[in-house]
There are 2 protein chains.
Amino acid sequence: MDQPSRSAGTVRPGGRTARVRAAVLEATQDELVEHGFHGLTMDQVAARAGVGKTTVYRRWGSRAGLVADLMTELANQSTPYADTGGIEGDLRANAFSVLEALNDGRLGSTFQAVIAAATSDEQAAQALRAFYLRRIEEWANVVDLAVKRGELPEGTDGGEVIRAISAPLYYRLVVTREPVTREAAERSVARTLAAARAGAFVVPDSAG
Amino acid sequence: MDQPSRSAGTVRPGGRTARVRAAVLEATQDELVEHGFHGLTMDQVAARAGVGKTTVYRRWGSRAGLVADLMTELANQSTPYADTGGIEGDLRANAFSVLEALNDGRLGSTFQAVIAAATSDEQAAQALRAFYLRRIEEWANVVDLAVKRGELPEGTDGGEVIRAISAPLYYRLVVTREPVTREAAERSVARTLAAARAGAFVVPDSAG
DNA sequence: TATTTAATGGAACCTATGTTTCGTTAAGAT
DNA sequence: ATCTTAACGAAACATAGGTTCCATTAAATA
């Protein structure tokens, strides 16, 4: 096979190629909603997208390649951090955006699929890591702003605060598989904020 | 096919049947370490276990069935909660036991596999949920003891505290796929404890 | 130790998944 | 408008993954 996903689609990305990609990613999401990552097949995706399966294999190579590309696509649509004027509002905005994403049929299924894929596929793992590290970095800004406003102690690690907001929600989604509720999101904010105010997110070697 | 994993192995569980199960679960773990859940095949497992593949299909039915059984087996080996005499020591003991498990080649691979399987298989999802809810319930005791000793506020939700200890570690393992370090475990304890002392884990309707 | 039959396992079998071939279509360039 | 060839897709093909059949082995019981 000619290199999947490398050569194909780069020289003439316009028109047909773009339409094929959109249709395939769309179909992939639909299939993930209905069958999960384990039940995802290249064949079904191709059929659903109205595209030759040869094309799907050529450009994406494998199921993991499909979900990795999907994740990359989502990364590009990432929304900027909120600025509500106060750290509590900002963190709530962050928690609720995660909450909504996880409970959205299409997005939630997609996240779970990529998480599953990433456990045994390096390509998917990288797409996943890239997505979250970018998102964390983006939202860490709200913490820096809060520190400047004097709402949180000097040296508070923004990235860690943002991780702490999301962690309990993903833990419920993927580990204990309990419903990810609005209350869970609110509690996560309250607890993270309590710890942050107590200085538990201050890193040893960062005093400016 | 006769009902997989229902009828088989229950009437004559001694001798050969037990040896087959042990060999198959052992082989499953080995395969998970080497190839991950996606690369796990019934065929390979059977060959590695030195067992007919018919047997594997008959008793476990699918890859998800294998990892679900593996998880059930681990649940039975679950160790009781620590009692170091202080809540900080107890929570550290909990965090370190999670840390060790996730960084252990065999256990870590197994957890990741079950998590992956659970995203699209209900049997695996149930085994996973059962394992963690049991573990959480078990360790929640250390929080109740701490409340009785006056170390934490009345009404502190033990299950939630234990979840909060683990969550950041699993989040790193499975979502951002960053290394799960000793420092991460220690930070998790410090932050959870700070929030707990501030009363952020007190549930509204539980004052005794 | 003999009997019954649960449980196993080799081998043949089948289907879905993945690959290769090659003719057709249309993007991009002139 | 014409040309070049990237990209697509139908169909034939290969094979790994999963299933069925039935003879063999050995638990459990007396």
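Predicted model: local features only at pLDDT ≥ 70, side-chain atom pairs only at ≥ 80, totals over all residues.
Before you start, a word on conventions: residues are numbered from 1 along each chain as its sequence is written, and chains are lettered from A and ligands numbered from 1 in the order in which they are written. Local features need pLDDT of at least 70, side-chain atom pairs count only at pLDDT 80 or more, totals for chains, interfaces and linings use all residues, and side-chain values use heavy atoms, with hydrogens and water left out.

**Exercise 1. Describe the fold of chain A and the confidence in it.**

Step 1. Begin with the elements: chain A has nine helices and zero strands, where helices (H or I, at least four residues) and strands (E, at least two) are DSSP runs numbered from the N terminus.

Step 2. Next, take the dimensions. The C-alpha trace of chain A spans about 60 × 35 × 30 Å along its principal axes.

Step 3. Now check pLDDT, the predictor's confidence in each residue, from 0 to 100. Chain A averages 92, and 93% of the residues score at least 70. Be careful with residues 1-5 of chain A, where pLDDT stays under 50.

**Exercise 2. Find what links separate helices of chain A.**

Step 1. Look for a salt bridge, that is, a side-chain nitrogen of Lys or Arg within 4 Å of a carboxyl oxygen of Asp or Glu. A:Arg21 and A:Glu73 form one, at 3.0 Å from N to O. A:Arg21 lies in helix H1 (residues 15-35) of chain A and A:Glu73 in helix H4 (residues 63-76) of chain A, so this pair ties together parts that are 52 residues apart in sequence.

Step 2. Turn to the aromatic pairs: rings of Phe, Tyr and Trp (its six-membered ring) with centres within 6.5 Å, called stacked if the planes are under 30 degrees apart, edge-to-face if over 60 and tilted for the rest. A:Phe111 and A:Phe131 make a tilted one, 5.8 Å centre to centre with 45° between the planes. Since A:Phe111 lies in helix H6 of chain A and A:Phe131 in helix H7 of chain A, the pair ties together parts that are 20 residues apart in sequence.

**Exercise 3. Characterise the interface of chain A and chain B.**

Step 1. Count the residues: 38 of chain A are in contact with 38 of chain B.

Step 2. Find the buried area, the accessible area (1.4 Å probe) that two parts lose on being put together, summed over both. The two chains bury about 3300 Å² between them, 61% of it on carbon and sulfur atoms. In chain A, A:Tyr171, A:Arg177 and A:Arg191 lose the most area to chain B, together 20% of what that side buries.

Step 3. Look at charge pairing. There are eight salt bridges between chain A and chain B. B:Arg187 forms a salt bridge with A:Glu160, with the closest N and O atoms 3.7 Å apart.

Notes
Contact = heavy atoms within 4.5 Å.
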